[in-house]
Amino acid sequence: MSRGDLLSIHPSELKFPFALRKQISCSLQLSNKTDNYVAFKVKTTNPKKYCVRPNAGVVLPRSTSDVIVTMQAQKEAPPDMNCRDKFLLQSVKVNDGITAKDITSELFNKEAGHVVEECKLKVVYLSPPQPPSPVHEGSEEGSSPRGPVSDNGHVNAAEFSTAAKAFNEQLEAQDLSPEQTRTHITKLTEEKKSALQQCNKIRHELVRGIDCGLIA
């Protein structure tokens with residue numbers, strides 16, 4: 001916030017979230033700290049680039065007034081997002097009852113003996129927000145790859161063990177001869193068949209146990 005004897009100006013910088021080919025606006029709030037009527041006028045070093053509404057007005061005693069500054073759509077971004085544009089807000093005490101229609105340039109003429117308060121505001125471009133990083137399908141950010149999951153959502157221990165063992169042995173088999181590789185493949189196939197048979201046996205025993213319990 002910029003503080004003067006007549007007006008407090010918030011914010012002290014004009015911040016625009018920069019975007020190409022789009023009009024962008026920001027606002028200034030002027031607070032009259034006195035018991036007098038205060039007239040203001042807004043100037044800029046680049047009048048063709050900005051639209052200020054209102055560019056002149058009167059702030060009543062102990063009250064506030066808003067000024068909207070709109071930047072015209074830009075075709076290209078400045079180097080390093082730096083902007084050299086500046087604004088100057090002038091304020092002066094005026095007679096009670098004066099309105100915006102009564103404001104003239106002569107009111108802000110220091111050579112005419114008027115006490116004019118001035119506040120310089122610079123323009124700041126804010127970089128646009130970066131898009132979120134894409135998340136690969138089938139995995140969540142920060143999580144480990146998922147292991148084998150059965151239809152009911154529970155991990156199948158036998159299949160997980162077989163898959164892990166197969167993965168390790170495949171890595172070891174990369175430097176093996178073709179004959180050794182075929183031997184490992186046969187071994188893996190037999191282990192898979194044995195694991196499936198064991199699962200079927202356990203399932204069969206469970207079913208038998210349930211049936212016996214029902215008969216008893």
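Q: Why is Y50 called buried in this predicted model?
A: The cut-off for buried is under 20% relative accessible area. Y50 comes in at 5% relative accessibility, so it counts as buried.

Q: What makes Y50 and F87 an edge-to-face pair?
A: Two numbers settle this one. Ring centres have to lie within 6.5 Å to pair, and planes over 60 degrees apart count as edge-to-face. For Y50 and F87 the figures are 5.1 Å centre to centre and 70° between the planes, which gives an edge-to-face aromatic pair. Y50 sits in strand β6 and F87 in strand β9, 37 residues apart, and the pair links these distant parts of the chain. Both Y50 and F87 are buried.

Q: Why is the pair of F16 and Y50 called tilted?
A: Planes under 30 degrees apart would be stacked and over 60 edge-to-face, with tilted for the rest. The F16 and Y50 planes stand at 40°, with the ring centres 5.9 Å apart, so tilted is the word. F16 belongs to strand β3 and Y50 to strand β6, so this pair ties together parts that are 34 residues apart in sequence. As for burial, F16 has a relative accessible area of 0%. Ring pairs join F16, Y50 and F87 into a cluster, and the model has three aromatic pairs by this rule.

Q: Which residues touch the most other members of the largest nonpolar core?
A: That core has 27 residues, and F16, Y50, V69, F87 and Y125 are the ones touching the most other members. At least two core residues come from each of β2, β3, β4 (24-32), β5, β6 (50-53), β8 (64-71), β9 and β10. There is also a second, separate core of ten residues, with Y37, A39, V92 and V116 among them. Back in β9, the contacts of F87 beyond its neighbours within four places in sequence include L14, V42, Y50, V52, V69, C119, L121 and V123.

Q: How do you know that strand β9 is largely enclosed by the rest of the structure?
A: Count its buried residues: seven of the nine in β9 (residues 86-94) are buried, so the strand is largely enclosed. With under 20% as the cut-off, S91 at 2% relative accessibility counts as buried. Beyond its neighbours within four places, S91 is in contact with residues including L6, L7, V38, F40, F108 and V115.

Q: What makes β3 and β7 the edge strands?
A: The open sheet runs β3-β10-β9-β5-β7, five strands with mixed pairing. β3 (13-17) and β7 (56-59) each pair on one side only, and that makes them the edges. From one strand to the next, the twist averages 25°.

Q: Why is S8 called buried?
A: S8 is in strand β2 (residues 7-10). Its relative accessibility is 6%, so it counts as buried, the cut-off being under 20%. S8 and C119 are 9.7 Å apart, C-alpha to C-alpha, although 111 residues separate them in sequence.

Notes: Residues are numbered from 1 along each chain as its sequence is written. This is a predicted model: local features need pLDDT of at least 70, side-chain atom pairs count only at pLDDT 80 or more; totals for chains, interfaces and linings use all residues. Side-chain values use heavy atoms; hydrogens and water are left out. Buried means under 20% relative accessible area, exposed over 50%, partly exposed in between (1.4 Å probe, protein chains only). Helices (H or I, at least four residues) and strands (E, at least two) are DSSP runs, numbered from the N terminus. Two strands pair if DSSP finds at least two bridges between them. Axes are lines fitted to C-alpha atoms, for helices over the stretch in contact, and angles run from 0 to 180 degrees between N-to-C directions. Contact means heavy atoms within 4.5 Å. A nonpolar core is a set of buried Ala, Val, Leu, Ile, Met, Phe, Trp, Tyr and Cys residues joined through side-chain atoms within 4.5 Å. Rings of Phe, Tyr and Trp (its six-membered ring) pair if their centres lie within 6.5 Å; planes under 30 degrees apart count as stacked, over 60 as edge-to-face and the rest as tilted.
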